[in-house]
Amino acid sequence: MIVGKVVGSIVSTRKNENLIGSKFMVVEPLSELGDATNKIVAIDNVGAGIGEIVLVATGSAARIGCNMTDSPVDAAIVGIVDSGIGLAGVMDHDPR
Amino acid sequence: MIVGKVVGSIVSTRKNENLIGSKFMVVEPLSELGDATNKIVAIDNVGAGIGEIVLVATGSAARIGCNMTDSPVDAAIVGIVDSGIGLAGVMDHDPR
Amino acid sequence: MIVGKVVGSIVSTRKNENLIGSKFMVVEPLSELGDATNKIVAIDNVGAGIGEIVLVATGSAARIGCNMTDSPVDAAIVGIVDSGIGLAGVMDHDPR
Amino acid sequence: MIVGKVVGSIVSTRKNENLIGSKFMVVEPLSELGDATNKIVAIDNVGAGIGEIVLVATGSAARIGCNMTDSPVDAAIVGIVDSGIGLAGVMDHDPR
Amino acid sequence: MIVGKVVGSIVSTRKNENLIGSKFMVVEPLSELGDATNKIVAIDNVGAGIGEIVLVATGSAARIGCNMTDSPVDAAIVGIVDSGIGLAGVMDHDPR
């Protein structure tokens with residue numbers, strides 16, 4: 001999984017019917033897990049807000065693990081990160 | 001998922017029979033979600049036009065979420081992006 | 001999907017039994033879809049020849065979409081590209 | 001699979017219910033298998049500790065191979081590496 | 001699929017039970033298919049030896065195509081490459 005910060009969201013009115021009701025958040029991976037050009041858009045599965053540090057699952061895990069088996073979803077926010085060690089400068093302190 | 005701009009399309013006459021009737025669009029990821037060398041070709045699932053900003057699902061999500069379970073499709077346009085925040089310079093304004 | 005040029009092929013005699021009869025082609029992605037170091041080897045599903053511009057599906061789509069569900073295949077040529085727009089310098093003209 | 005070193009862990013209280021009870025470890029790939037910006041977060045399936053060199057499976061393999069078929073997990077630690085050859089400077093000696 | 005050279009192997013005693021009996025080989029992609037920092041660890045499905053040029057399948061193809069459906073395997077050596085064209089400097093000659 002990836003750890004990143006929720007930095008935004010997008011709105012899409014005309015979309016695949018299996019996506020109706022989904023919230024699309026923009027997540028920027030922490031610098032140790034990616035670089036500035038690889039923000040991703042993920043479905044919110046846990047009620048994450050902008051500015052929170054979150055855990056993102058990608059691939060089939062996003063669909064199947066979030067009860068969206070038939071939806072075109074390849075990334076989902078599956079946890080809010082409370083604290084951590086080993087991700088220098090960010091995770092040693094309260095990440096929110 | 002990836003957010004990108006539809007910049008073109010391709011035509012393929014001789015192809016896998018499960019692809020007959022599909023439209024193949026060329027999508028350039030926004031600069032914050034990729035770089036200039038990673039355009040992708042995606043099936044159009046929502047009627048996107050050239051110049052529109054779209055949401056693209058990749059991997060098995062593209063097949064299964066778009067009712068193309070048996071097709072060799074690994075990327076699909078699944079939404080037209082109306083607006084958004086957090087993708088600087090592009091999404092703050094009407095992206096179309 | 002990726003668009004690339006067929007630039008070669010490989011021969012493998014000792015291989016997984018589910019690969020017997022498969023043709024392995026070397027595909028170089030167009031410069032807008034990759035870089036010089038990411039050629040891939042793909043099963044040929046449509047009778048592509050060296051020099052042709054092709055559409056390649058990757059991941060589970062390659063297996064499932066090409067009736068090779070039980071084969072260790074993660075990339076397949078699924079179309080010959082006739083023409084296109086939006087891939088500068090290559091696709092505006094006859095790509096073959 | 002990827003070989004990396006366990007360098008930390010994260011704590012998430014508010015998370016997908018299928019992740020309850022899971023341990024989330026931060027793994028830094030060995031320099032020959034990645035670069036400094038691609039640490040990943042993996043579920044621990046074998047009781048790995050910080051500082052140990054581990055084998056990480058990614059994608060659907062992480063879910064299905066670890067009896068977490070319905071969980072949003074895309075990376076799992078599936079082995080502790082005892083020794084090895086061919087990964088210069090690290091694996092020729094006891095990797096722990 | 002990727003073509004690479006077997007450059008080593010690793011030993012793991014404490015591991016997921018579905019991996020018992022598996023051989024873990026270190027594969028370095030040919031320079032045209034990757035770069036120096038992306039060696040991968042793959043299960044050996046065909047009896048490959050160190051120094052041989054091999055074909056590697058990744059993702060779900062590695063599990064399903066090698067009769068290891070329930071194992072946490074995301075890469076497998078599925079063929080020994082005998083010869084080839086189109087991979088300059090390596091494949092034009094006997095690759096072993």
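How many salt bridges are counted between chain E and chain D? The count is 2, a salt bridge being a side-chain nitrogen of Lys or Arg within 4 Å of a carboxyl oxygen of Asp or Glu. This is a predicted model, in which local features need pLDDT of at least 70 and side-chain atom pairs count only at pLDDT 80 or more, while totals for chains, interfaces and linings use all residues. Residues are numbered from 1 along each chain as its sequence is written, chains are lettered from A and ligands numbered from 1 in the order in which they are written, and side-chain values use heavy atoms, with hydrogens and water left out.

**How the copies are related**

**The interface of chain D and chain A**

- Contact, defined as heavy atoms within 4.5 Å, involves 31 residues of chain D and 30 residues of chain A.
- About 2,200 Å² is buried between chain D and chain A, with 50% of it on carbon and sulfur atoms; buried area is the accessible area (1.4 Å probe) that two parts lose on being put together, summed over both.
- Within chain D, the residues that lose the most area to chain A are Arg14(D), Lys39(D) and Asp74(D), which together account for 27% of what that side buries.
- There are 18 residue pairs in polar contact across this interface, both residues being at pLDDT 80 or more; a polar contact is a pair of N or O atoms within 3.5 Å, where within protein one must be able to donate a hydrogen and the other to accept it, and residues adjacent in sequence count only if both atoms are side-chain atoms.
- At least two residues each come from strand S1 (2–11), strand S2 (24–29), strand S3 (40–44) and helix H1 (60–64) of chain D on the side that touches chain A; helices (H or I, at least four residues) and strands (E, at least two) are DSSP runs, numbered from the N terminus.
- S1(D) gives the most to that side, with 5 residues.

**The interface of chain E and chain D**

- Here 31 residues from chain E are in contact with 30 residues from chain D.
- Chain E and chain D bury about 2,200 Å² between them, and carbon and sulfur atoms give 50% of that area.
- In chain E, Arg14(E), Lys39(E) and Asp74(E) lose the most area to chain D, and together they make up 27% of what that side buries.
- The number of residue pairs in polar contact between chain E and chain D is 18, both at pLDDT 80 or more.
- With 5 residues, S1(E) gives the most to the side of chain E that touches chain D.

**Salt bridges**

- Side chains of opposite charge can pair when their charged atoms come close.
- Over all chains the count comes to 15 salt bridges, and 2 are counted between chain D and chain A.
- Glu52(A) and Arg14(D) meet in a salt bridge through their side chains (3.4 Å, N to O).
- Glu52(A) lies in the loop between strand S3 (40–44) and strand S4 (53–58) of chain A, and Arg14(D) in the loop between S1 and S2 of chain D, so the pair joins two chains.
- Arg14(E) forms a salt bridge with Glu52(D), and their closest N and O atoms are 3.4 Å apart.

**Strand pairing between chains**

- Strand S6 (residues 83–85) of chain A pairs with S1(D) in the antiparallel sense over 3 bridges; two strands pair if DSSP finds at least two bridges between them.
- In this pairing, Ser9(D) in S1(D) has Ile85(A) opposite.
- Strand S6 (residues 83–85) of chain D and S1(E) run antiparallel and are joined by 3 bridges.
- Opposite Gly84(D) stands Ile10(E) in S1(E).
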